[in-house]
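Please look over the sequence and the model before reading on. The paragraphs below go through some helix contacts and then a group of strands.

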Amino acid sequence: MFDVKRECEELFDEVVAIRRDFHKHPELGFQEVRTAGIVAEKLREYGLEVKTGINKTGVVGLLRGAQPGKTVLLRADMDALKVNEENECDYKSEIEGVMHACGHDAHTAMLLVAAKVLSRHRDEIKGNIKFLFQPSEENFPGGALGMIEEGVLEDPHVDAVFGQHVWAGIPSGKIGVRPGPIMAAPDEFRLTIKGKGGHGSAPHLGVDALVIGAQVVLALQTLVSREIDPLNPAVVSIGTFNSGTVMNAIPSETKMTGTVRLTDPELRKEMPDKIERIVKGVCDAMRGEYSLEYVHGYPPTVNDPEMTELAGEALREAFGEENIVDPGISMGGEDFSYFLEKVPGSFIMLGITNEEKGIDKNNHHPKFDIDENALPLGVEALVRIALKFLNS
């Protein structure tokens, strides 16, 4: 077997350069034309079979090993966020209001370099490796499901899937591995409450939609605190609340939106009814009417225990037991979950925080950045997990 660590470390400058180029030229979901073009060009340079235009801008490169065997899929997402970058650096985003604030530039760069490393050694590979570059992870319904529907898990059939995410909650040099739920389902709801407007001096003649809405907000907080097992992670948060136009009028309407984060599939099924029961109860009691729309987002991201153990074993062998940590469960969402619903696999978290360098902002922050010393580790992690699975 070739020296994986040495080859990944020797490509440090290349993976940094690729990441910085993508960072300077971020593209939103389903607009990743430049990014996808560079990805396809490099995969062809590496001698891979390349398919483009999958679910608009998705790209897949197929590496066929010299010997028959299983097929593993490695995934990276390519899209940026509607965030205006506040960092001052040579690779700062050149697109106003758009930024790689979640590290997808790093995901794409690391997977490209992993493809380069593995393509050099196809004669030693038993089976096949699919390198999947996905559009639009950030915005529901995302890009993963469309790629699956267009057949990326077949021809050849995929036996396991792995992905990784740069994670601000973990120090650079460490990698988070966790079986079972690792990220939540990001659902949302939209609520409109109708009352009867009137003059602020005569509230008894109206039905105050603002006050009803305020009571609904407070009552919804009891769902998590009083109806859900405290050992079962759940979040209900109201994100917007809009009511009224002037200071001396009783509002006839209140609109609000919120997010619900869960990892338990059964509880997820029950939550729309739980929310509506509370909304209806408050509105009935306070003479209001309502309309409620509940939208199911991505499923929870649930790692297969066997595949997670395989990934953990590969990473412990490479980086040492002390550098493999439990990242805990994030209540954020990820559409890698769709892959995990179809094929056993695992999603790992690459630590990128370095407080000594001032790199300590959370994902999605306008000053988010990564410790680039972690990039070769991420490349090596992908390479080692793929080889471990194919040789298992």
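**Helices and a strand group**

Helix α3 and helix α4 are roughly parallel to each other, because their angle counts as such when it is under 35 degrees. In this predicted model, that angle is about 10°, and the axes of α3 and α4 lie 10 Å apart. The crossing of this pair is right-handed. On the α3 side the contact is made by T35, V39, K42 and L43, which meet T108, L112 and A115 of α4. Sorted by class, the residues in the contact of α3 with α4 are four nonpolar, two polar and one charged.

Helix α3, residues 33-45, also packs against helix α2, residues 12-24. Here the axes come within 10 Å and cross at roughly 155°. An angle over 145 degrees counts as roughly antiparallel, so α2 is roughly antiparallel to α3. The crossing of α2 and α3 is right-handed. The contact of α2 with α3 holds four nonpolar residues, one polar and three charged.

α4 contributes A106, M110, L111, V113, A114, V117 and L118, while α10 contributes L375, G378, V379, L382, V383 and L387. Twelve residues of the contact of α4 with α10 are nonpolar, one is polar and none is charged.

The strands come next. Strand β12 covers residues 253-262 and pairs with two other strands, β8 and β10. Strand β8, residues 185-194, runs antiparallel to β12, with ten bridges in the pairing. Strand β10, residues 234-243, is likewise antiparallel to β12 and is joined to β12 by nine bridges. K255 of β12 stands opposite T192 and also opposite N242.

Which residues of β12 belong to the covered face, and which to the uncovered one? The covered face has T254, M256, G258, V260 and L262. The uncovered face has E253, K255, T257, T259 and R261. Side chains in a regular strand alternate between the two faces of the sheet.

Conventions:
Residues numbered from 1 in each chain as written. Predicted model: local features only at pLDDT ≥ 70, side-chain atom pairs only at ≥ 80, totals over all residues. Heavy atoms only, no water. Contact = heavy atoms within 4.5 Å. Helix = DSSP H or I, 4+ residues; strand = E, 2+ residues; numbered from the N terminus. Nonpolar A, V, L, I, M, F, W, Y, C, P; charged D, E, K, R; others polar. Axes fitted to C-alpha atoms, helices over the stretch in contact; angles between N-to-C directions. Parallel < 35°, antiparallel > 145°, perpendicular 65-115°, else oblique. Left-handed = near helix turned anticlockwise from the far one by under 90°. Buried < 20%, exposed > 50% of the residue type's maximum accessible area, 1.4 Å probe, protein only. Pairing = 2+ DSSP bridges.
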